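Dear colleague,

I am passing on the structure we spoke about, together with some notes on what was found in it. Please read the notes with the model open beside them.

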Amino acid sequence: MAAEATTTTLDNQTNSGDSSRCSKDRSWSHWWTGTSFDMLRTLERRILSYLKTPYRGSFVDVGHCVGEADKIWTLSLNTESPNVPLVLVHGLGAGVALWVLNLDALAKDRPVYAIDVLGFGRSSRPRFSSDPAVVEKQLVKSIDEWRREMNLKEIILLGHSMGGYIAASYALSYPDRLRHLILADPWGLPEKPKDFESTVKIRFWLKPVFAISKMLNPLWPIRMAGPYGPSLVNRFRQDIVQKFTPMIADGTDISNYIHQCNSQNPTGEGAFHSMMHDFAWAKNPMLSRIGEIKSTVPVTVLYGSKSWLLLTSPADTIKQLNDHSFVSVKIIEGSGHHIYADDAEAFNEMVNEACDTVDGKQQ
């Protein structure tokens, strides 16, 4: 954990709006779920202490994107590099600390910024619209306001899962700000198959469970479990937790971090619920729109070969983008949905290769 001494963080709690929410920590719901912004910060720091690259953490004020004064928690690495910066956008239920297996490698030759999406992690948790199209615009606007506040003229944008959906939407709205779009096992591309209900057999007793779940935010069991939330994450998401154990000495830090990220007021999760169609699909699927991204934006799509999101073949994605100047679809063999952790070395290599094309290192 040598990076601990060289890490710089700006953790003024008043910048995040946490001070206005401290009183809420004493409410019954916060007591039951074990919610603590201090604990979330502590766990994040503990996980990021394994980085070798110095980083800076800060709250970036993006103004009135959704709430009155939204702030996005941001990690900044290697900001002195003259190369085009890479911006990382996480998926549902995640936060900046889960990029710990990637940040050193990705920030070796360029500036890297990792953000907590509005409504997630340590960022502000405003109440989003219930209209899926409006929610999408709110999230995209927040990222561009963040870019403006950071004074970044052009960026490479990488989004994982839900973050991939947001990143693709950003490319549709602000193509001139992007030098490269990287979609890492993106959620929300295909539309729900019309024959899905008839072709997939669901046990009779599970049908009411699924019906109820459609009406609730996806990660409600973590909050319902209260103090047993971390154990629930550790038990049912070992596929994620175990990926970090070679680097993180205390594996419970990851499960506790995921619990803290998702035991807070779930406004971002509610935004995702507004955009989703039976969880696996988006109400406004991106595949029908992604071909409209300007051909000046190179696109790299990364899939895990064992991912549950690989519902359409890579060829279908390429078909929608056949007019683009550059499209690359790659498969990380043996990886599931969380490709950034399942095979971090292969993921980092593929992302760096895509980024190098921007700097002219790869032809």
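A residue is called buried when its relative accessible area is under 20%, exposed when that area is over 50%, and partly exposed in between. Asn78, with a relative accessible area of 26%, is therefore partly exposed. This residue lies in the loop between β3 (70–77) and β4 (86–89), and its phi is near 50 degrees, a positive value in a residue other than glycine. Asn151 also has a positive phi, of about 60 degrees, although it is not a glycine; its place is in the loop between α6 and β6 (155–160), and at 68% relative accessibility Asn151 counts as exposed. As background, most residues other than glycine have a negative phi.

Please keep in mind that this is a predicted model. The pLDDT averages 82 over the chain, and 76% of the residues score at least 70. Over residues 1–29, however, the pLDDT is below 50, and this stretch has 47 contacts in the model beyond near neighbours in sequence.

As to the overall make-up, the chain has 17 helices and eleven strands, and 55% of its 363 residues count as buried. Among contacts between residues at least 6 apart in sequence, 78% join residues at least 24 apart.

The largest nonpolar core has 51 residues, and Phe244 and Phe347 are those with the most contacts inside it. Helix α17 (residues 344–358) supplies the largest share of this core, eight residues. Setting aside residues up to four places away in sequence, Phe347 touches Trp99, Asn102, Leu158, Ala184, Leu302, Ile332, Ile339 and Tyr340. A second, separate core has 49 residues, among them Cys65, Leu139, Ala168 and Ile290.

Thr300, in strand β10 (residues 299–304), counts as buried because its relative accessibility is 3%. Apart from residues up to four places away in sequence, Thr300 touches His180, Leu181, Ile182, Leu183, Phe326, Ser328 and Ala354; of these contacts, the one with Ala354 spans 54 residues in sequence, with the C-alpha atoms 7.0 Å apart in space. Leu106, found in helix α5 (residues 103–106), is buried, with a relative accessible area of 1%. Once its neighbours within four places in sequence are left aside, Leu106 is in contact with Leu86, Leu88, Val112, Asn348, Val351 and Asn352. The C-alpha atoms of Leu106 and Glu349 are separated by 8.5 Å, although these two residues are 243 residues apart along the chain.

With best regards

Methods: Residues numbered from 1 in each chain as written. Predicted model: local features only at pLDDT ≥ 70, side-chain atom pairs only at ≥ 80, totals over all residues. Heavy atoms only, no water. pLDDT = per-residue confidence, 0-100. Contact = heavy atoms within 4.5 Å. Core = buried A, V, L, I, M, F, W, Y, C linked by side-chain atoms within 4.5 Å. Buried < 20%, exposed > 50% of the residue type's maximum accessible area, 1.4 Å probe, protein only. Helix = DSSP H or I, 4+ residues; strand = E, 2+ residues; numbered from the N terminus.
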